[in-house]
Amino acid sequence: MQPPRGGRGPSPASPVARVKDWVRSSPGTHIWLLVIGITSLVIASASEGLGQFLVHRTSSNIHELNEHPLPSLLISGFWIERPGSFVLYAVLFELVHANVERWLGSGRWLLTVGGAHIAATLASQELVLLAIEGHRLPRSMTHVVDIGVSYGLAAAAGVLTYRLRPPWRYGYLCGLLAFFAVPLLTGASFTDFGHAIALVMGFAAWPLTPAAAAGGRPEHDGPPTAPGGDRAQPPPDPEPDPGSRQER
């Protein structure tokens, strides 16, 4: 008979398994990132003329919104103008989008970032149109390049505020507001205006967060809540043996 072996817990998951679990938990983020990687390779390998044609044809500017409103709103979110920025965006996607998607769930994450991308695009291009009609911008701005993923990223960064615990939440919020407010207050462009709208929409997505469903408490802070919103009570202690009762 062999002596009992010392108890050992299960070996930690391999790095490859952890990466697979991370990707499975945020599929929308990584599908989006994959498409951006492909379109970035297309622009990087295209001639200068073809590259310019592609970024203009896939833009959600005034001209394209008038000609192809739905395709331009959708397609413009899958291209970045400078392929060399892909690595930076990949890091931001993992830090921001992946964490938000894991927290909200893919459906609510998509509703938040997709809605912000559409609203910010339409509002910023309306601003350009008003400036053209007021002779503050040239009419050529109807063909301005307006592609990228930054509006959705701004919205995800906004809703991520609710995921953090104090005091980290307040430092993150101050940095976020400064990052987007400084360009807006110092010679803002239409994209700065769009970023501000997307950020506000991210803040407005509070009702979609698990923290809102839990009655306003951040995750893991305080006791859980019952489905109706009342504080859940711990299960009652088992009834002690009558002979072991003690008076208090």
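Hi everyone, thanks for coming. Please keep in mind that the model you have on screen is predicted.

Let's begin with charged pairs. How many salt bridges does the structure hold? There are 2. One of them joins the side chains of R24 and D21, with a nitrogen-to-oxygen distance of 3.3 Å. If you look at helix α1, residues 15-25, you will find both partners there. They sit 3 residues apart, which is about one turn of the helix. D21 comes out as partly exposed, at 45%.

Now the other pair, R57 and E64. Their side chains meet in a salt bridge at 3.2 Å, again N to O. Is E64 buried or exposed? E64 is buried, because its relative accessible area is 7% and the cut-off for buried is under 20%. R57, with 37% relative accessibility, counts as partly exposed.

While we are in that part of the chain, let me show you S60. You will find S60 in the loop between α3, residues 48-57, and α4, residues 62-67. This serine has a relative accessible area of 1%, so it is buried. What does the side chain of S60 make a polar contact with? The partner is the side chain of S76, at 3.4 Å. Setting aside neighbours within four places in sequence, S60 is also in contact with residues including L65, S72 and T121. Q125 and D146 are on that list too, and so is S76 itself.

Let's move on to the backbone. As a reminder, most residues other than glycine have a negative phi, and most peptide bonds are trans. With that in mind, where does H135 lie? Look in the loop between α7, residues 106-133, and α8. H135 has a positive phi, about 60 degrees, although it is not a glycine. The H135 residue is exposed, with a relative accessible area of 73%.

Finally, go along to the two prolines, P166 and P167. The peptide bond from P166 to P167 is cis, and its omega is near 0 degrees. P167 belongs to the loop between α8, residues 150-159, and α9, residues 168-185.

To recap the places worth a look on your own screens: the R24 and D21 pair in helix α1, the buried S60, the positive phi at H135 and the cis bond from P166 to P167. Thanks, everyone!

Technical notes: Residues numbered from 1 in each chain as written. Predicted model: local features only at pLDDT ≥ 70, side-chain atom pairs only at ≥ 80, totals over all residues. Heavy atoms only, no water. Salt bridge = Lys/Arg side-chain N within 4 Å of Asp/Glu carboxyl O. Helix = DSSP H or I, 4+ residues; strand = E, 2+ residues; numbered from the N terminus. Buried < 20%, exposed > 50% of the residue type's maximum accessible area, 1.4 Å probe, protein only. Polar contact = N/O pair within 3.5 Å; in protein donor to acceptor, adjacent residues only side chain to side chain. Contact = heavy atoms within 4.5 Å.
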